[in-house]
Amino acid sequence: MANVIIVGAQWGDEGKGKVVDIYTEHAQEVVRYQGGNNAGHTLVVGNEKTVLHLIPSGILHQGKRCIIGNGVVLDPAVFLREIENLKKKGYLQDDRQLVVDSNVHIIMPYHKAIDIARESNSGQRKIGTTGRGIGPTYEDKIGRRGIRLIDLIKPEVFARKLEEVLPEKNFLLEKFLGCEPLSREQIIEEYSGYGRQMAQYMGNASVLINQSIAAGHHILFEGAQGSMLDVDHGTYPYVTSSSTIAGGACTGSGLGPRFIDAVIGISKAYATRVGEGPFPTELNDEMGERLRRIGQEFGATTGRPRRTGWFDAVALREAVRTNGLTGLAITKLDVLNELETIKICTAYAYRGERLHDFPRDIEVLNECTPIFEDEPGWQSDICGATQFSQLPKQAAAYIERLEEVAGCPIVMVSVGPRRDQTIQLANPFT
Ligand code: IMP
């Protein structure tokens, strides 16, 4: 038995969906444990593309159970739409394949309205959120004002909780953020309907996961976003509002840490970021544009162009440490195919000092400049490689150098979007 956590080791969008999809072969259950529909996984099976925001990508595999843990914040309309689309494509024929923990917090219309209004009122200080209401929902969870799935399905409880919270939200929306107040009746009608449709998926993730482990199943925990967006360990305040690092898998699903056998971090062979916030290796030039074009770096959730830059080993070492990574999967190596020279940032320069560790003070970080190492490019197409030995020597050397500077063994290299365009060096499930 092996229980494996997959996390993004950068600022999100590392290509986790594909890696999760591949590892799902070895697992009986796939669990999502944090975030919400701010995430977006694009999956390519055969020639068919599926974008999932909430439901674990394991749903594309028959017979695998997908669990949404208590740590997730859930927009019911998005959830139900995803189910409908999956069913239309022939997936999720058995509803028992999908379980949502009763304690997930529901993203309410006021959370979305507050998120969007705050961002548009913040000017220079905006975070660049996805506008999905993620931050305000987590605020209410921690502030003990949240509405959970278990509340939503009980009409009297839902009405009472909404009654308690809505006047404050409407006050904030109207008097401070300059928005229209929301109607209690409309929310009750719409959301009670969602509650009725969702009740059949409700369960206890912690019980199910622990039972599965006792039965000797393998479980895959699918992280969303990336380590550098973690609310505690990321580039605060330019972060998302959940624990994106591996520790979040335990709190977000009700599993004790002693059951985790491996933690695999996913990183692109270069770097990207969406939204505002520090990005030391960012390329604001023709090369950045080239990476964006070749790598098709546009958000799966918002369609925003992603900021692009070189591989940042300082940030990656932070992810290796905070997650306790046992392995690293490098994605989109093929995007670098045409380049003559590729740069790796191995340290930062700060006022004449060389920094090896990622600085905690954002003001220090803003003053840091990357110290680069030049690596020769391979200038050939590697999309067909399925073995490490099939890579041109420069590509193999680049991967080996990434492993050295990151201080973590590389277990997988992805050379294209399809499942078969993958080099597996070690299997964390065995
Ligand atoms: P929020 O999660 O919508 O509150 O956004 C906070 C920050 O996290 C913003 O910079 C977003 O662009 C970023 N973010 C949230 N989800 C993702 C993701 O799945 N990939 C990349 N960035 C994300």
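This is a predicted model: local features need pLDDT of at least 70, side-chain atom pairs count only at pLDDT 80 or more; totals for chains, interfaces and linings use all residues.

Biologist: How many helices and strands does the chain have?

Modeller: The chain has 13 helices and 20 strands, where helices (H or I, at least four residues) and strands (E, at least two) are DSSP runs numbered from the N terminus. Its radius of gyration is 22 Å, close to the 22 Å that the globule rule gives for 430 residues, so the chain is as compact as a globular protein of that length. That radius is taken over C-alpha atoms, and the globule rule is 2.2 Å times the number of residues to the power 0.38.

Biologist: And what box do the C-alpha atoms fill?

Modeller: Taken along the principal axes, the box is roughly 65 × 50 × 40 Å. Of the 430 residues in the chain, 58% are buried, and here buried means under 20% relative accessible area, exposed means over 50%, and partly exposed lies in between (1.4 Å probe, protein chains only).

Biologist: Now the ligand, please: which residues come nearest?

Modeller: There are 16 residues around the ligand, and the nearest are Asp13, Asn38, Thr130, Thr240 and Arg304; a residue is near a molecule if one of its heavy atoms lies within 4 Å of it.

Biologist: What distances do you get for polar atoms of asparagine 38, glutamine 225 and valine 274?

Modeller: Asparagine 38 has a polar side-chain atom 2.9 Å from an oxygen atom of the ligand, and glutamine 225 has one 3.3 Å from a nitrogen atom of the ligand. With valine 274 it is a polar backbone atom that lies 3.2 Å from a ligand oxygen atom. The protein covers 97% of the 470 Å² of accessible area that the ligand has on its own, with areas from the Shrake-Rupley method and a 1.4 Å probe.

Biologist: Which domains does the shell around the ligand draw on?

Modeller: At least three residues come from each of domain 1 (3-95 + 204-424) and domain 2 (105-200), with bounds from an automatic or database domain assignment. The shell divides into six nonpolar, eight polar and two charged residues; Ala, Val, Leu, Ile, Met, Phe, Trp, Tyr, Cys and Pro count as nonpolar, Asp, Glu, Lys and Arg as charged, and the others, Gly among them, as polar.

Biologist: Changing topic, is histidine 41 buried or exposed?

Modeller: Histidine 41 counts as buried, at 8% relative accessibility, and it sits in strand β3, residues 41-45. Its side chain makes a polar contact of 2.8 Å with the side chain of glutamate 222. A polar contact is a pair of N or O atoms within 3.5 Å; within protein, one must be able to donate a hydrogen and the other to accept it, and residues adjacent in sequence count only if both atoms are side-chain atoms.

Biologist: What about the backbone, where is a peptide bond cis?

Modeller: The bond from tyrosine 236 to proline 237 is cis, with omega near 5°, and proline 237 lies in the loop between β10 and α9 (247-251). Most residues other than glycine have a negative phi, and most peptide bonds are trans.

Biologist: Which phi do leucine 92 and arginine 144 have?

Modeller: Leucine 92 has a positive phi of about 50° although it is not a glycine, and arginine 144 has a positive phi of about 65° although it is not a glycine either.

Biologist: Last one: how many residues separate glycine 216 and glutamine 28 in sequence?

Modeller: They are 188 residues apart in sequence, yet 9.7 Å apart in space, C-alpha to C-alpha. Glycine 216 lies in the loop between α8 (205-214) and β10 (219-222) and is partly exposed, with a relative accessible area of 37%.

Terms used
Residues are numbered from 1 along each chain as its sequence is written. Side-chain values use heavy atoms; hydrogens and water are left out.
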